[in-house]
Amino acid sequence: MARLTIPAEELMRPGHSACPGCGATLVMRYLLKGLGNQTIVTVPACCWTVIATPFPTTALDVPMLDCAFEATGASISGLRAAADKLGLKDVTIVGFAGDGGTVDIGLQALSGMLERRTDGIYLMYDNEAYMNTGVQRSGATPEGAWTTTTPVDALSHGKVEPKKDIMAIVAAHRPAYAATVNVAFPEDFVKKVQKAKAIRGPRFFHALAPCPPGWRYSSEKTIEIGRLATDTNIFPLYEIEDGVYRISRKLGIAKPVREYLQTQGRFAHLDDKQVAGIQAEVDARWKRLLALEGLA
Amino acid sequence: MTSYEMEEDLPEAPIATTPSDVNHTASWRTFRPVIDLKICTKCNVCWKFCPDDAVAFDGEGYPVIRLDYCKGCAICAEECRPKAITMVKEE
Amino acid sequence: MVELVISGNYAQSYAAKLARVQVVSAYPITPQTAIVEKIAEFVASGVLPAEYIKVESEHSALQACISASALGARTYTATSSQGLLLMHELLHWAAGARTPVVMGVVNRAVAPPWSIWTDHTDTIAQRDTGWIQFYGESNQEVLDTTLMAFRLAEHPEVRLPAMVTEDAFYLSHTVEPVDIPSQEEVDAFLPPRERSSTIQVGVGMRLGSFTGPEHYMEFRHKIARAMGRARDVFLEVEDDYARLTGRNHGGLLPTYKVEDADTVLVTMGTATTTARGVVDAMRADGHKVGLAKLRTFRPFPVQELRELATLVDRVGVLDRSFTFGAAGAAFTEVAGALYTAPQRPLLRDFVAGLGGRDITAATVREAFLDLLTRDGPESAWVELKSRTEAS
């Protein structure tokens, strides 16, 4: 058979409770392939709280510590401090939180962890809404998206506000390393994780996790949609290492955002004007990213 | 799997230690993937993108669907470039 | 052993140092700040080789402690009032996860209006969380009890978090002579933490988990049983401590001159010292009075209160908190303990000292005299500036 392009070892077990086609499970799977088994994962309230299955089973082959919704950043700091005191210096501490648990309720603790320079990894898996509780909008929900709290009706046409730029917020804290990763590009994902593992200091990942029930698409399209997110520049793949930006993947000509938006029911109500607005916004952000890459 | 009927059987703290493999999620699916080994090029893409750890390999390196776990999401069928996988309705 | 004249806050800091805490995570709040400043000094000088996580909120402080404790480290934090209230979610978490975190709490009134002065509302509001709770009367007691709290919390039969309180300013900022045990003495009393039921690296395990109705009650009952065992374990721990230092602070409900008393006041915290003086003065006047100190609020000294009830006719409870819609918290719990007792004395509630209003000898004397001469009201606010009857 062809050589495997990502490590063979599975540290995520089968029999977990994720929806069919769940992007968040692939995020965990690729993360753990990159980190290996000397890892402790701390998880706040989010889809993965449930995906990991109820007592008495667990879906990971590494220790998992549940923590409070707001507090992932603090949990990472606590684990790191204890690990250092107990002589477990080679153990990687990872916080694995959803978008709501990071950009909204978890922002303060994340900021604290970064500011304290905690030697740990914070991974935000982004399905762009509070999915575990049934698709309510979060600060990471993209502009225009339908959710249960930004429905489409006479007085409401999806989320009004733009998506919070978590990478910009994280970058302002000058982490040792930050990167966007996408389940549609597993080799890039694993490579970045392996790179981060070897770096000391606060590290952050923004992982795109397409969600069939929340984004309203048929489950087999998860990877295709993930791919389109990057190829339309809606979710560019890049790294920030010691303040230096490096884009991981550049198409000669990006695909139009419409190709991405039309795959998902949550955007079905958008009119041409709204799509044009989104295109303009994406183009501006891409230009800005290119400029950031240009800065030495 | 350990049975936790009584308080005395529970661990003192809420610690789960049984691997989730005991949960067979086969009943979740409506369609199951069928791989045509004549078309399959053993590229491993189905294994790479499966969210449920439901793709194993046989002695010759061909993918084998672990039907205990496959939820029928069809990502494998969608991503298989030679189109060796078809989704067949479960009876 | 060394005698230093130190504040209640420093008593906590010295206890944490002697306990060889490994991870401290704290956020500043008046009047706790000196506790963590002193610990920071200990760490900076190398005297205490602990990791000190300077978190961005109290909520994060307790989460950091819980996570560190879950991995097996001995952890400590301290807070007060609003900080404790902010931590509330995580107090439940620490008990539910069975992490033996020890916390110092400087009892301070809750806002609004803002008040930095003492009352017990903040820790009373945590009595449902599954934490062991001690109320401190003196700086010596605070230091000793904090050391005992580590051993009690980590005891394999208990494994519950524990808090040791001290009244704001009366203890936190007032210096008293305190015997500080030597490191050797404390090491003999408090061995390194045993790492059972903690996270093991390389093992597929999940601490926390989630469950439905089929398991949840039984996990909670385990906490109930552990709190029940904490009673007897504490008495053993204090015996051990007494053998080492010569100091025994009297268990869960230390009493004073109750053996031949017919009227007793139940007190908490620093008001106890004042009340003891009043007991002596009133006895000199011929009143057969005594007092009992609620030293542990959790586990609540039900057995001891029922024994006390067989000795006396009238019991007054001096509350430094009030549960709106009900009565003072200590009174409510004493009433609960005595309801099914074979002997039930007259029981009355005296609410005093909220927001740092001084509980003077005169205050206590007034409460005693009222208790001796009237059967009611059941719950009264003492020295309230009101033109109508305070109840």
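**View 1. Chain C is divided into two domains.** Domain 1 of chain C covers 2–192 + 206–245, and domain 2 covers 255–381. These bounds come from an automatic or database domain assignment. The C-alpha centres of the two domains lie 26 Å apart. This is a predicted model: local features need pLDDT of at least 70, side-chain atom pairs count only at pLDDT 80 or more, and totals for chains, interfaces and linings use all residues. Residues are numbered from 1 along each chain as its sequence is written, while chains are lettered from A and ligands numbered from 1 in the order in which they are written.

**View 2. Domain 1 of chain C touches domain 2 of chain C.** Domain 1 brings 26 residues to the contact, and domain 2 brings 19 residues. Two residues are in contact if their C-beta atoms, placed from the backbone, lie within 7 Å. On the domain 1 side, helix H5 (121–124), strand E6 (132–135) and H8 of chain C each supply at least two residues. Helices (H or I, at least four residues) and strands (E, at least two) are DSSP runs, numbered from the N terminus. H8(C) gives the most to this side, with 5 residues. By class, the domain 1 side holds 13 nonpolar, 8 polar and 5 charged residues. Ala, Val, Leu, Ile, Met, Phe, Trp, Tyr, Cys and Pro count as nonpolar; Asp, Glu, Lys and Arg count as charged; the others, Gly among them, count as polar.

**View 3. C:Leu147 is a buried residue in helix H6 of chain C.** Helix H6 spans residues 139–154. C:Leu147 counts as buried because it has 26 C-beta neighbours inside 10 Å. The cut-offs are 20 or more other C-beta atoms within 10 Å for buried, 12 or fewer for exposed, and in between for partly exposed, with C-beta atoms placed from the backbone. Beyond its neighbours within four places in sequence, C:Leu147 is in contact with C:Ala15, C:Leu18, C:Ala19, C:Val186, C:Phe189 and C:Leu190. C:Ala19 is 128 residues away along the chain, yet the C-alpha atoms of C:Leu147 and C:Ala19 are separated by 6.4 Å.

**View 4. Chain C meets chain B.** Chain C gives 16 residues to this contact, and chain B gives 10 residues. Strand E9 (206–207) and helix H8 (216–245) of chain C each supply at least two residues on the chain C side. H8(C) gives the most there, with 4 residues. The chain C side has 4 nonpolar, 7 polar and 5 charged residues.

**View 5. A strand of chain B pairs with E9(C).** Strand E1 (residues 15–16) of chain B and E9(C) run in the antiparallel sense over 2 bridges. Two strands pair if DSSP finds at least two bridges between them. B:Ala16 stands opposite C:Arg206 in E9(C).
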